[in-house]
Amino acid sequence: MSLLDRDGVRVTVHKAVATVTLANGAKRNAQTPALWRALAETGRILPGDVRVVVLRAEGASFSAGLDRRAFTPEGIDGELNFIELARESDDVLDATIATYQEAFTWWRRNDLVTVAAVQGHAVGAGFQLALACDLRVCADDAQFSMRETSLGLVPDLTGTHPLVSLVGYARALEICATGRFVHAAEAERIGLANIVVPAADLTAATDDLVAALIAAPRDALIETKALLRAAPERTYDAQRAAERAAQARRLRDLAGFAE
């Protein structure tokens, strides 16, 4: 079933799996505000029985990042260029960036497990989109780079929180401050990539992971994801209490007792 096909985003659903494809491989899946609106809409229109969302990309690169036309006076047709945006009030700037961020937030919902299949370059906004997903399966040619700081900007598309969570503050600072490429082997070693496979095996490896995720009972997986996501912000004792409460819900559900 096709849900959406516009602005460089194609969304299909098969049973409990939705596939979101960045579909402008000829332009290395450069990102625009229109693409971000399409991604945000995707999160709103997913059927309730979808359990796993796979993010794929056509072409040699996952995403080369923001379409640089946004920084030119000519801009992108129909969009406010960033030079004009910079002249707006603080409230308008904040609201506009918040709207862009909506494309990157819904991937963390507890009722979904999201998997990015990454090949080639994942730069800037592309890196942050991969970070928005719960899991990353990478081809051995994958290269991540956070170029915003090198351009005089900051990563503002929700990528800083997951990056620090995955690799730690010092490594995250070094990656962002230098803008260097993190190649697939290093990405796996430092925790950015869950799996690295030859490029020819990327689809098969992603499909195998999705099958394993679908095999787990949905409610147990939702509770587990919620527990793990909240763990860094809780004390040890608070996390223990959360585990007890979640297990009580699961036991009552399995036994057929309503709370």
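Two strands are taken to pair if DSSP finds at least two bridges between them. In this predicted model, strand S2 (residues 9-14) and strand S3 (residues 17-22) meet that condition with 6 bridges and pair in the antiparallel sense, His 14 standing opposite Val 17 in S3.

These strands belong to an open sheet of 7 strands, ordered S1-S2-S3-S4-S5-S7-S10, in which the pairing is mixed. Strand S1 (2-6) and strand S10 (195-197) stand at the edges, and because each has a single partner strand, one side of each is left without a neighbour in the sheet. On average, neighbouring strands of this sheet are turned by 15° against each other, direction ignored. Helix H1 (residues 33-45) packs on the sheet, where it touches S1, S2 and S3, and its direction makes about 170° with that of S1.

S3 and S4 run parallel and are joined by 6 bridges, with Leu 22 opposite Ala 57 in S4. S4 also runs parallel to strand S5 (residues 113-118), to which 4 bridges join it, and here Val 54 stands opposite Val 115 in S5.

In a regular strand the side chains alternate between the two faces of the sheet. In S4, Val 52, Val 54 and Arg 56 point one way while Val 53, Leu 55 and Ala 57 point the other way, and all are buried.

Beyond this strand, Asp 67 lies in the loop between strand S4 (52-57) and helix H2 (82-85). Its relative accessible area is 9%, so Asp 67 counts as buried, the cut-off being under 20%. Leaving aside residues up to four places away in sequence, Asp 67 touches Ala 30, Gln 31, Thr 32 and Ile 76.

Conventions:
Residues are numbered from 1 along each chain as its sequence is written. This is a predicted model: local features need pLDDT of at least 70, side-chain atom pairs count only at pLDDT 80 or more; totals for chains, interfaces and linings use all residues. Side-chain values use heavy atoms; hydrogens and water are left out. Helices (H or I, at least four residues) and strands (E, at least two) are DSSP runs, numbered from the N terminus. Axes are lines fitted to C-alpha atoms, for helices over the stretch in contact, and angles run from 0 to 180 degrees between N-to-C directions. Contact means heavy atoms within 4.5 Å. Buried means under 20% relative accessible area, exposed over 50%, partly exposed in between (1.4 Å probe, protein chains only).
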